[in-house]
Amino acid sequence: MRYLIEDIKNTVIQGDALEVLKKIPPEVFDMVFIDPPYFLQLKRKRLKRWNSKTLVKGVFEEWDRFSSFEEYDGFIESLLLEVKRVMKPNATLWVMGTYHNIFRVGKIMQDLDFWILNDVIWVKTNPMPNWLGVRFTNATETLIWAVKDKSVKNYTFNKEYAKSFGIGKIGANVWMVLTSTKEGDLILDPLAGTGTTGYAAKMLGRDFVLIEKNPQYVQLIRERLFPFLDR
Ligand SMILES: C[S@@+](CC[C@H](N)C(=O)[O-])C[C@H]1O[C@@H](n2cnc3c(N)ncnc32)[C@H](O)[C@@H]1O
């Protein structure tokens, strides 16, 4: 069974992205945003906030657990291959990560012939401090922006928008959507989490397809994006 793109536009599909993507026709998305698991490799109970001693949630979730770098790399490679297939010829891809995973992801992208246009640094205004004082506070995340291969030339880059935004003035998702898509474009986020990409897309006059495997997050997305969902 293959989806018709009109049937899944502005919806969230619950399922494993590797399976769901196989059912999506080729070359349908203008832009793809991926915020993959970081594979932080933290032991349970260890990451507590320095002031309240409360546990930092999220990074212990099932989705951040892989048995090895090999397994992590295999997941990223399979995902990127499927994503490449559903990108239009001139589409662009944003992948976001931290120092834990972004170098591996960048290497895999290059091995798959993606052509990197930029790396963009998101400077956090409220990073988690390194309370042990044994290394620098990690205050940034990196976004890699790429096209399918070196031959792609006519991708969307709204340079007037890019020039007009000062550092820290707007959120990373809004900035990304405005600089690399046009109104009416179709955006995919295959690891949608709480659905921020869909929200930014709709607020800015774009359409979206979201995929998320965790039913609790899917429920959150349904509540958050309720007025924007086609079904
Ligand atoms: C880093 S979070 C994304 C956060 C998101 N950018 C947001 O705004 O909330 C990664 C998400 O990918 C989901 N995920 C991990 N593996 C997946 C898979 N194989 N298929 C679909 N979703 C997956 C997780 O459940 C998690 O919500």
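This is a predicted model: local features need pLDDT of at least 70, side-chain atom pairs count only at pLDDT 80 or more; totals for chains, interfaces and linings use all residues.
Residues are numbered from 1 along each chain as its sequence is written, and side-chain values use heavy atoms, with hydrogens and water left out. Local features need pLDDT of at least 70 and side-chain atom pairs count only at pLDDT 80 or more, whereas totals for chains, interfaces and linings use all residues.

The ligand is surrounded by 18 residues. The closest are Ala17, Asp35, Thr194, Thr196 and Glu212. Polar contacts were assigned to pairs of N or O atoms within 3.5 Å; within protein, one atom must be able to donate a hydrogen and the other to accept it, and residues adjacent in sequence count only if both atoms are side-chain atoms. Asp35 places a polar side-chain atom 2.9 Å from a nitrogen atom of the ligand. Thr194 has a side-chain N or O atom 2.7 Å from a ligand oxygen. For Glu212, a polar side-chain atom lies 2.6 Å from an oxygen atom of the ligand. On its own, the ligand has 600 Å² of accessible area, and the protein covers 91% of that area. Accessible areas come from the Shrake-Rupley method with a 1.4 Å probe; for residues, only the protein chains shown count as cover.

The whole structure holds 7 salt bridges. The criterion is a side-chain nitrogen of Lys or Arg within 4 Å of a carboxyl oxygen of Asp or Glu. One of them joins Arg104 to Asp73, at 2.8 Å from N to O. This pair links distant parts of the chain: Arg104 is in helix H4 (residues 102–111) and Asp73 is in helix H3 (residues 69–86), 31 residues apart. Helices (H or I, at least four residues) and strands (E, at least two) are DSSP runs, numbered from the N terminus. Arg104 is partly exposed, at 26% relative accessibility. Buried here means under 20% relative accessible area, exposed means over 50%, and partly exposed lies in between (1.4 Å probe, protein chains only).

Arg104 also lies over the face of Phe69, 3.9 Å from the ring centre. A charge sits over a ring if NZ of Lys or CZ of Arg is within 6 Å of the ring centre and within 35 degrees of the ring normal. Lys124 is placed over the face of Trp122, at 5.7 Å from the ring centre.

Lys9 meets Glu6 at 3.2 Å, N to O. Lys9 counts as buried because its relative accessibility is 19%. Glu6 is exposed at 52%. Asp207 and Lys202 meet at 2.7 Å, N to O. Here Asp207 is buried, at 16% relative accessibility, and Lys202 is partly exposed, at 24%.

The structure contains 10 aromatic pairs. Rings of Phe, Tyr and Trp (its six-membered ring) pair if their centres lie within 6.5 Å; planes under 30 degrees apart count as stacked, over 60 as edge-to-face and the rest as tilted. Trp145 and Tyr155 form an edge-to-face pair, 5.6 Å centre to centre, with 90 degrees between the planes. Trp145 lies in strand S5 (residues 140–147), and Tyr155 lies 10 residues away in the loop between S5 and helix H5 (159–164). Trp145 is buried, at 4% relative accessibility. Tyr155 is partly exposed, at 26%. Trp145 also pairs with Phe157: the centres are 5.8 Å apart and the planes are at 45 degrees, so this pair is tilted. Phe157 is in the loop between S5 and H5, 12 residues from Trp145. Its relative accessible area is 44%, so Phe157 counts as partly exposed.

One aromatic cluster comprises Phe39, Phe66, Phe69, Tyr72 and Phe75. Phe39 is located in the loop between S2 and H3. Its phi is near 55 degrees, a positive value in a residue other than glycine. Glu27 likewise has a positive phi near 55 degrees. Glu27 lies in the loop between helix H2 (17–22) and S2, and is partly exposed, at 44% relative accessibility.

Ser68 is in the loop between strand S2 (29–34) and H3. Its side chain reaches the backbone nitrogen of Glu71 at 3.1 Å. Ser68 is partly exposed, at 27% relative accessibility.

How values were computed
A residue is near a molecule or strand if one of its heavy atoms lies within 4 Å of it.
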